[in-house]
Amino acid sequence: MDSPVPPRQAEPRPRRRDRHGRGMRGPIAPPQVPLSVSRGEAFIDLVHDSAERLERRWPQLAAVDFIVREVPATGGAGGPDDPDGPAPFGLDGDVVPLGRYVEAHGDNPDRIVVYRRPVEIRTKSRDERALLVHEVVVEQVAELLGLAPESVDPRYGQD
């Protein structure tokens, strides 16, 4: 007679190989390769590189926080939802800021905020993005120091 069929396991067994028998898929690139860095992480690196370049010339920038946000808050830069506080001026509805300087208040130090998505939309390559990020950081540092951008970085505006 027929032997009874054993019951199936409730949990599927972990697969040791993919369905084509070539082995498990691994990461596309090892962690030390730049390909494994996300766009957001790469953008943060650009902002910090620019800040470090300026800190060599202006040591007082060591006390400034350089922050990256995705986009300005829904109410515009400095709107009621902006975690960086109110903007000192009203914004035209057609203008999207690329960055912003937030003056120190209370225990919070001076902050320079760079908005990632508006900068990325305006650039096509990593080199263009690095130049635009540096220009935005220089402009905000100039506002912080009360100087012209050209005096903050003599190469400002040059390609």
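Accessible areas here come from the Shrake-Rupley method with a 1.4 Å probe. I note at the start that this is a predicted model.

**Entry 1: surface and burial**

I looked up the accessible surface of the protein chain and found about 11,400 Å². Carbon and sulfur atoms hold 52% of that surface. I then checked burial: of the 159 residues in the protein chain, 33% are buried.

**Entry 2: helices and strands**

I went through the secondary structure next. The protein chain has four helices and three strands. Following the sequence, I read the order as α-β-β-β-α-α-α. I also looked at contacts with a separation of 6 or more, and 52% of them are between residues 24 or more positions apart.

**Entry 3: salt bridges**

How many salt bridges does a search of the whole structure find? I got five.

**Entry 4: Glu120 and Arg39**

I found the side chains of Glu120 and Arg39 in a salt bridge, with 3.7 Å from N to O. This pair links distant parts of the chain, since Glu120 is in helix H2 (residues 116-121) and Arg39 is in helix H1 (residues 39-57), 81 residues apart.

**Entry 5: Asp153 and Arg53**

I turned to Asp153, which forms a salt bridge with Arg53. The closest N and O atoms of this pair are 3.9 Å apart. Here too distant parts of the chain are linked: Asp153 lies in the segment after helix H4 (149-152), Arg53 lies in helix H1, and 100 residues separate them. Asp153 counts as buried because its relative accessible area is 8%. Arg53 has a relative accessible area of 36%, so I listed Arg53 as partly exposed.

**Entry 6: Glu120 and Arg116**

I came back to Glu120 for its salt bridge with Arg116, where the closest N and O atoms are 2.9 Å apart. Where do Glu120 and Arg116 lie? Both are in helix H2, four residues apart, which is about one turn of the helix. I checked the burial of this pair as well, and both Glu120 and Arg116 are buried. Last, I traced the shared partners: salt bridges join Arg39, Glu70, Arg116, Arg117 and Glu120 into one network.

Key:
Residues are numbered from 1 along each chain as its sequence is written. This is a predicted model: local features need pLDDT of at least 70, side-chain atom pairs count only at pLDDT 80 or more; totals for chains, interfaces and linings use all residues. Side-chain values use heavy atoms; hydrogens and water are left out. Helices (H or I, at least four residues) and strands (E, at least two) are DSSP runs, numbered from the N terminus. Buried means under 20% relative accessible area, exposed over 50%, partly exposed in between (1.4 Å probe, protein chains only). Contact means heavy atoms within 4.5 Å. A salt bridge is a side-chain nitrogen of Lys or Arg within 4 Å of a carboxyl oxygen of Asp or Glu.
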